[in-house]
Amino acid sequence: MFRLYVNPQNRKGHINKEIQGHFSEHLGRCIYEGLYVGEDSPIPNTNGMRNDVVNALKEMQIPVLRWPGGCFADEYHWMDGVGPKESRKRMINTHWGGVVEDNSFGTHEYMELCRQLGCKTYINGNVGSGTVREMSEWVEYMTFEGVSPMAELRKKNGHEAPYRVDYFGVGNENWGCGGNMNPEYYGNLYRNYQTYVRTYDSKKPIYKIACGPNVDDYEWTEGVLKTLYRGAGKENGLLDGISLHYYTHPEGWEVKGSATDFDEKVWYKTLSKTLYMETLIKQHGAILDQYDKERKVGMIVDEWGTWFTCEPGTNPGFLYQQNTMRDALVAGINLNIFNKHCDRVKMANIAQLVNVLQAVILTDGDKMLLTPTYHVFNMYKHHQDAELLDSYIETETIGLEEEYQVPNLSESVSLGKDGKIHITLNNLSAEKDYEIEGIFAQTKIQAVKGTVLTDEMHAHNTFDAPNKVHTQTFDDCRIKDNTISFTIPACSVLHLEVTV
């Protein structure tokens with residue numbers, strides 16, 4: 001028996017809905033074929049956006065979508081993607097697959113997609129190969145309502161009213177594909193570029209995000225923050241958030257390993273490596289605390305998730321991979337970690353939305369399927385804009401190799417906007433069920449209902465069997481005064497809704 005302790009009277013912080021954000025890049029079949037098929041496609045669409053994909057994402061309550069990259073962002077010149085489509089520039093996507101990019105999906109199409117999804121916008125600007133003027137004019141084009149050359153061009157291109165830009169990233173991975181910069185150099189560029197990411201409407205401020213570290217590059221974090229806080233910091237509007245990128249690839253960066261063919265050792269190795277996210281948040285957060293003692297600057301984990309070897313027979317530059325129950329556990333663990341650190345983590349964006357890396361949706365022509373990761377996000381949506389509650393669960397250490405042992409259980413608990421207590425609990429064991437007793441301080445339980453995602457660790461959905469892995473009703477909870485008792489299945493993600 002493992003005990004879960006919840007204190008509903010102790011609220012630990014606010015869970016931004018953007019913690020469950022997503023990322024779409026001009027990479028493989030994420031945008032083209034996945035999200036956008038064009039107005040003339042036989043696949044049912046609205047203004048070029050796939051109806052089936054949009055409806056599924058709305059059901060999942062996607063809160064924010066990052067675009068256009070990724071590495072692509074720092075070679076993207078936004079003027080190539082506006083105006084009549086027949087006159088837009090065609091180019092080679094040098095980062096991803098060497099295919100032709102026709103720029104038929106640009107600023108207006110992205111904004112239309114976000115309108116249909118009802119989600120916030122997160123634009124990533126070009127520092128690596130762009131200019132201050134280019135970035136400044138893009139912000140003006142999208143958000144300025146008055147008389148100006150860029151506002152007039154936007155109107156000429158068919159959109160009279162300004163768009164809303166909620167978040168703006170000043171560069172991407174500038175320590176690598178975004179320019180191979182050192183932290184001090186990037187920090188000074190950020191100071192320069194962000195000056196011209198102007199908020200033209202004070203009622204609609206743009207949240208400015210600096211390029212943060214790759215994994216455990218603490219020198220980058222320290223160097224960038226030292227440069228940004230030299231003479232001016234948050235108090236002068238320089239910085240709202242700083243990014244963090246961390247991918248889970250159990251066999252290392254070069255090998256990565258198969259998405260579907262793995263043994264139990266690799267199962268635990270994967271989960272162990274994804275748990276490293278908490279260490280990264282704490283360590284980079286400690287550096288942030290030196291400069292931002294009031295914790296006003298958000299940590300933005302805008303690239304995370306599994307990265308395996310692409311599926312056999314597919315373009316290796318398209319990063320197309322399958323999605324199993326292992327991915328579901330990776331998603332659940334990370335989302336629980338983000339919830340627990342909501343005082344610092346203000347947004348996160350899993351990579352990527354459709355057909356790329358740890359996607360929530362896969363498509364093949366007019367066919368679409370929901371991955372196990374989709375179902376996890378759909379269960380976790382009850383945490384969006386909720387209040388984190390004080391909680392703790394007893395655990396034991398499991399695993400087959402000492403180096404890669406993990407706790408058997410992972411959890412987070414919140415008080416939702418619906419007034420219900422929401423528990424998300426992961427069983428990291430590949431084979432063993434566990435009995436759980438949930439104890440709620442000074443609280444009488446009225447009712448509990450649940451949803452569970454469980455199967456064997458390799459289980460995944462295919463276009464021949466698109467519903468192999470799906471959520472099921474979980475009604476095995478016994479209530480007694482302030483406690484609930486239940487058994488969580490092996491290899492599972494569980495959501496419980498508790499009425500008090």
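Let's start in a loop: Val 215 lies between strand β10 (207–210) and helix α6.

Quick word on what we're looking at. This is a predicted model, where local features need pLDDT of at least 70 and side-chain atom pairs count only at pLDDT 80 or more, while totals for chains, interfaces and linings use all residues. Residues are numbered from 1 along each chain as its sequence is written, and side-chain values use heavy atoms, with hydrogens and water left out. And those labels: helices (H or I, at least four residues) and strands (E, at least two) are DSSP runs, numbered from the N terminus.

You'll find Asp 385 in the loop between α9 (372–380) and β16 (386–393). Its relative accessibility is 25%, so Asp 385 counts as partly exposed. For those words, buried means under 20% relative accessible area, exposed means over 50%, and partly exposed is in between, with a 1.4 Å probe and protein chains only.

While we're on backbone, two peptide bonds to look up. The one from Trp 67 to Pro 68 is cis, with omega near 10 degrees. Pro 68 sits in the loop between β5 (64–67) and β6 (91–92). Which residue does a cis peptide bond join to Ala 351? That's Gln 352, and omega there is about -10 degrees. Gln 352 belongs to the loop between β13 (345–351) and β14 (361–364).

Okay, on to helices. Two packed helices are described by the angle between their axes and the distance between the axes. Axes here are lines fitted to C-alpha atoms, for helices over the stretch in contact, and angles run from 0 to 180 degrees between N-to-C directions.

Take α5 (residues 183–195) and α6 (residues 218–228). Their axes come within 8 Å and cross at roughly 40 degrees. So α5 and α6 are oblique to each other; under 35 degrees counts as roughly parallel, over 145 as roughly antiparallel, 65 to 115 as roughly perpendicular, and the rest as oblique. Who touches whom? On the α5 side the contact includes Tyr 186, Tyr 190 and Arg 191, and on the α6 side Trp 220, Val 224 and Leu 228 are among the residues. Contact means heavy atoms within 4.5 Å. By class, this contact of α5 with α6 has 6 nonpolar, 4 polar and 3 charged residues. Ala, Val, Leu, Ile, Met, Phe, Trp, Tyr, Cys and Pro count as nonpolar, Asp, Glu, Lys and Arg as charged, and the others, Gly among them, as polar.

Next pair: α3 and α4 pack at about 55 degrees, with axes 7 Å apart. That makes α3 oblique to α4, and α3 passes α4 in a right-handed crossing. Tyr 141 and Met 142 of α3 are among the residues in the contact, as are Met 150 and Leu 153 of α4.

Let's stay on α4 (residues 149–156). Which of its residues are buried? Met 150, Ala 151 and Arg 154. Looking down the axis of α4, they fall within an arc of 100 degrees, so they line one face of the helix; the arc is that of the directions from the helix axis to the C-beta atoms. The face turned away from that buried side carries the exposed residues Pro 149 and Lys 156. And the cover over the buried residues of α4 includes α2 (107–117) and α3 (132–143). Just after α4, Gly 158 takes a positive phi of about 105 degrees.

The axes of α1 (residues 51–60) and α2 come within 9 Å and cross at roughly 55 degrees. So α1 is oblique to α2 as well. Val 54, Leu 57 and Lys 58 in α1 meet Leu 113, Gln 116 and Leu 117 in α2.

Last stop, Trp 267 in α7 (residues 264–291). Buried or exposed? Trp 267 has 0% relative accessibility, so it counts as buried. Beyond neighbours within four places in sequence, its contacts include Phe 262, Leu 329 and Cys 491. Trp 267 and Leu 329 are 62 residues apart in sequence and 10.0 Å apart in space, C-alpha to C-alpha.

Definitions and conventions
A crossing is left-handed if the near helix is turned anticlockwise from the far one by less than a right angle, and right-handed if clockwise.
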